[in-house]
Amino acid sequence: MTTTQSIPNGDPPETLAELLDDLEQRRSLSVDADLTVDLDGHTASVVGYDDLVAVDLPSVAAALALYRDGPVPVMDAAAVLSSVGLTAEIRVRGAPVARLGDAAVPSRLARYLGLGPVELVPDGPLLALTRRRG
Amino acid sequence: MSQCMSDAPDETTTWPELAIGLYDRLTGRNAEITYEFEDMEVDVPSTTGEDPEYAYWRVDGTLTVKAREKE
């Protein structure tokens, strides 16, 4: 994996804290996306609407697999999303189960679990379990 | 998409370094960049350390990213 660096403030960041400091001085991002992503056999849709990116997964198991096996820890991803003004809404069969990033309002449970800018939607998993694709 | 990959790339060893490099690529010229993926296959490492496990991802569709002013 290679990248070309053009960091205005010196060395590239090596820690999450340095990354967040760096991003704080930069502009927010806007994302327009219409993607289909196969995640180890789970097919997800990713749709971007400016500052909101909706990730719709086919099952609660797929959401848990992404949480557990994703390349970046969820708390770190949420902090980075927040620093560039983006919110990711995780959905299971169309039902929101969590929001990460800028517009997430951390619930008491999320704060208790130390999840950072992560909002859990309490009814989401139950709704997702009972919902069928139309 | 038009990206110059030839100016002295460095090995990326941490994901914060990767993230800021990606940010600069996306916004360095205040450009709007559109990526069109056609069944792009990626082995996503679980970590940037030694002996990572890899998840198989396949991506199809369009992604457009641009910078905007902070609110």
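Glu89(A) and Arg99(A) form a salt bridge in which the closest N and O atoms are 2.7 Å apart; a salt bridge is a side-chain nitrogen of Lys or Arg within 4 Å of a carboxyl oxygen of Asp or Glu. The pair links distant parts of the chain, with Glu89(A) in strand S5 of chain A and Arg99(A), ten residues apart from it, in strand S6 (residues 95–101) of chain A. Helices (H or I, at least four residues) and strands (E, at least two) are DSSP runs, numbered from the N terminus. The model is predicted, local features need pLDDT of at least 70, side-chain atom pairs count only at pLDDT 80 or more, and totals for chains, interfaces and linings use all residues. Residues are numbered from 1 along each chain as its sequence is written, chains are lettered from A and ligands numbered from 1 in the order in which they are written, and side-chain values use heavy atoms, with hydrogens and water left out.

Glu89(A) counts as buried at 7% relative accessibility, whereas Arg99(A) is partly exposed, with a relative accessible area of 22%. Here buried means under 20% relative accessible area, exposed over 50%, and partly exposed in between (1.4 Å probe, protein chains only). Both residues belong to a network of salt bridges that also links Arg91(A) and Glu119(A).

Strand S5 of chain A (residues 87–92) also holds Thr87(A). Thr87(A) is buried, at a relative accessible area of 4%. Its side chain reaches the backbone nitrogen of Ala103(A) at 2.8 Å. With residues up to four places away in sequence not counted, the residues that Thr87(A) touches include Asp51(A), Leu52(A), Val53(A), Arg99(A) and Ala103(A), contact being defined as heavy atoms within 4.5 Å.

Over all chains, the count comes to six salt bridges. One of these is formed by the side chains of Asp38(A) and Arg58(B) (3.9 Å, N to O). Asp38(A) lies in strand S2 of chain A and Arg58(B) in strand S3 of chain B, so the pair joins two chains. Asp38(A) counts as buried at 13% relative accessibility, while Arg58(B), at 29%, counts as partly exposed. Within chain B, the side chains of Glu32(B) and Lys66(B) meet in a salt bridge (3.8 Å, N to O). Glu32(B) is in the loop between H1 and S2 of chain B and Lys66(B) is in strand S3 of chain B, so this pair ties together parts that are 34 residues apart in sequence. Lys66(B) is partly exposed, with a relative accessible area of 38%.

Chain B contains one helix and three strands, in the order β-α-β-β along the sequence. Of its 71 residues, 34% count as buried. Among the contacts in chain B with a separation of 6 or more, 43% are between residues 24 or more positions apart. S2(B) and S3(B) run antiparallel and are joined by eleven bridges; two strands pair if DSSP finds at least two bridges between them. In this pairing, Asp43(B) stands opposite Tyr56(B) in S3(B).

S3(B) also pairs with a strand of the other chain. Strand S2 (residues 28–39) of chain A and S3(B) are paired in the antiparallel sense over twelve bridges. Val31(A) stands opposite Val65(B), and Leu29(A) stands opposite Ala67(B).

At the interface, 39 residues of chain B are in contact with 43 residues of chain A. The area buried between the two chains is about 3,800 Å², of which carbon and sulfur atoms give 55%; buried area is the accessible area (1.4 Å probe) that two parts lose on being put together, summed over both. The rule finds one salt bridge across this interface. Nine residue pairs, both at pLDDT 80 or more, are in polar contact between chain B and chain A. A polar contact is a pair of N or O atoms within 3.5 Å; within protein, one must be able to donate a hydrogen and the other to accept it, and residues adjacent in sequence count only if both atoms are side-chain atoms.

On the side of chain B that touches chain A, at least two residues each come from strand S1 (10–11), helix H1 (15–27), strand S2 (33–45) and strand S3 (54–68) of chain B. S3(B) gives the most, with 14 residues. The residues of this side divide into 18 nonpolar, nine polar and twelve charged, where Ala, Val, Leu, Ile, Met, Phe, Trp, Tyr, Cys and Pro count as nonpolar, Asp, Glu, Lys and Arg as charged, and the others, Gly among them, as polar.
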